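Some notes for your review follow.

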Amino acid sequence: MLEWFAPQRITWLHRANPAWKGLLMFLVMLVLFFSRDLAFIVVIACWYGGFLFVFSGFARRKLLLLCLPFALTFLSSSLTLALFGKGEHVLWQWGIVKISEESVRSGLIIGMKSLAIGLVSLVLLLTTRPVLLFYALMQQFRFPARFAYSFLAALRLVPIVIEEWQTRTHALKVRGIAFSKGVKGVYERLKLYSVPLFAQSIRRAQRMAVAMEAKQFRMNQPRTYYYETSYSKIDAYLTAYVCGSLLVALLMPEPFR
Amino acid sequence: MKQWKFTDVLVTIMVGIVFGVIMKFWDDFYTLIKPILPTMRQLLYGMWFMVGPFAFLLIRKPGAALLASLAGAGLSAFIGHGVQVLMYGFVQGLMAELLFAAFRYKRYNIVVAGLAGVMSCLGSFLLDLYYGYADLEAWALVVKYGLRTISAFVFTGVFAYSIIKALEATKVTTLIRPVSPDEYKHLD
C-alpha cells in the first residue's frame, strides 16, 4: 500500500525543505480559504494542478485517481449550495429548491475552492515524507520535540489501530450483535468500537511513553537529530513559484474574470 | 497536578490520532449518506467535535482538547482530507478549550462537555461562514446549523461522557490520572 505512494522519480520538489514547503502550501490554502474571487481560485487551481502533474514525479494515471475524491467533493458541495443557497435572481424554483444566479455562483466558488485546496494539499503530501516534515519542523521552526516525536510514534500505531478495528468487527459479527436503528444504533456502534479501541491505544501509548523516557527521551533539553534538514536554493525557487502564482492570480486582467 | 508529563502528551496525541482513524471510517459512512439524507448528515456531524472534549475528559489538563483536536486533524490531513482540516481542528479545539478554561478546568460533567461541543460547533460555523458553506437561504441555515448544534451536544456531552465512564470501568484511566477519591465525586 505504501509503495503505491512512492513517486516514480524524485524531482526538485521532493528536495525542498519539508517544513518550508508545508508553510508555503498552508499559506496558499489560507488565501484560498478566505477568498471569494472565482477567477482567482480557478487560476490557483490551474497553477497547482499543473504543478502537480509536471513536477510531483507521479504517473498521470495515479494522479487522476488521487484527484477523484476532490472531484466528488466538488460535485456534492456545489450542488447543495446551488439548490439551497441564498439569492435574489431566481432562475428556477420548485418547492423548497430555489436556484438563483447567486446560489449557482456560490456553489461554483465552493466547489472550485475545495478542488484548489485539494490540489495544493496533494502537492505537499505527495512530495513530502511525514517523518522528514516533523524533523524539519523541529529543526527549522523550533517545533517542540515532545509533540513531534509523540505524533510520529502515534502515527506508527495507526496500522495496529486499523487491525484492531477489523478484529472488533469480526468479533461482533461472530457474537451476532444486532444494532438498533436510529440514534441509538449510532451510539451502540460508537461505544462497542471505541471503548476497546481506546483502552488498548491508551495502554500502548502509556507503555511507549515510559519506554521512551527510560531511553532518556527528555522533553525540554537540547537534542541532536538523526535526519538533518536545512534550507537550500530549491526553497528560494519554490518561494518564487508560490509568490508568482499568487501574483498572476491576483493581477488577472479584467476580460478573464 | 496540572503539570504535563510526557505520558500525557503521548496519550493525548494518541487519542487524537485514534479519533482521526475513526473519523476516516465515519467519513466513508457519511459520504455514502450525504447526497441522500442531507438532514441525517448534520445529525451525525457531532462526531467531528468529539475529539477535543473527549481528550479533556480523559486527561483533565489544560490544553488537552486543543492538542488532541490538532493531532486528529493532522492525521486527517495526512490521509488526504486537504490541509484546511488543520484550520478546522485548530479552531474547534480552541473553542472547546476556551469553554473548559471558563470553568477553570475543574468541571468534567455532561453539561460542560456538551457545551464544549457546542462551542466547537460555533467555531466550525464561523469557519464555514468564511469558507462559503453558510451562504444558504435563512431557513436552510437554521436547519443545518441547528441540527449540527444538537448533534454536537449529544456526541460530545452524552456520548463522549459515557464512553469515558466505560473507560474508567476498564481501569485504563488509572494509568494516566493521579487517583484521588475527591475527583471521582465530581462524576457522580
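1. Start with the network. Arg60(B), Glu168(B) and Arg177(B) are linked by salt bridges (a side-chain nitrogen of Lys or Arg within 4 Å of a carboxyl oxygen of Asp or Glu). This is a predicted model: local features need pLDDT of at least 70, side-chain atom pairs count only at pLDDT 80 or more, while totals for chains, interfaces and linings use all residues. Residues are numbered from 1 along each chain as its sequence is written, chains are lettered from A and ligands numbered from 1 in the order written, and side-chain values use heavy atoms, with hydrogens and water left out.

2. Now the two contacts of Glu168(B). With Arg60(B), the closest N and O atoms are 3.9 Å apart. Arg60(B) sits in the loop between α3 and α4 of chain B and Glu168(B) in helix α7 (residues 138–169) of chain B, so this pair ties together parts 108 residues apart in sequence. Helices here are DSSP runs (H or I, at least four residues), numbered from the N terminus. With Arg177(B), the N to O distance is 2.8 Å.

3. How accessible is Glu168(B)? Its relative accessibility is 11%, so Glu168(B) counts as buried (under 20% relative accessible area; exposed is over 50%, partly exposed in between; 1.4 Å probe, protein chains only). Arg177(B) is buried too, at 8%. Arg60(B) is likewise buried.

4. A separate pair: Asp8(B) and Lys61(B) form a salt bridge, with closest N and O atoms 2.7 Å apart. Asp8(B) is in helix α1 (residues 6–33) of chain B, and Lys61(B) is in the loop between α3 (51–59) and α4 of chain B, 53 residues apart. Both residues are buried. The search of the whole structure finds 5 salt bridges over all chains.

5. Turn to helix α6 (residues 130–141) of chain A. Its 12 residues should span 16 Å at 1.5 Å a residue, and the end C-alpha atoms are 15 Å apart, which agrees. The expected span is 1.5 Å times one less than the number of residues. Of the 12 residues, 9 are buried, so α6(A) is largely enclosed by the rest of the structure. Among them are Phe134(A), Tyr135(A) and Met138(A). The cover includes α2 (18–34) and α7 (145–156) of chain A, together with α4 (64–81) of chain B.

6. Arg142(A) is exposed, at 72% relative accessibility. Arg104(B) also has a positive phi, near 55°. Arg104(B) lies in the loop between α5 (84–102) and α6 (110–131) of chain B and is exposed, at 64%.

Note on methods:
Helix = DSSP H or I, 4+ residues; strand = E, 2+ residues; numbered from the N terminus. Contact = heavy atoms within 4.5 Å.
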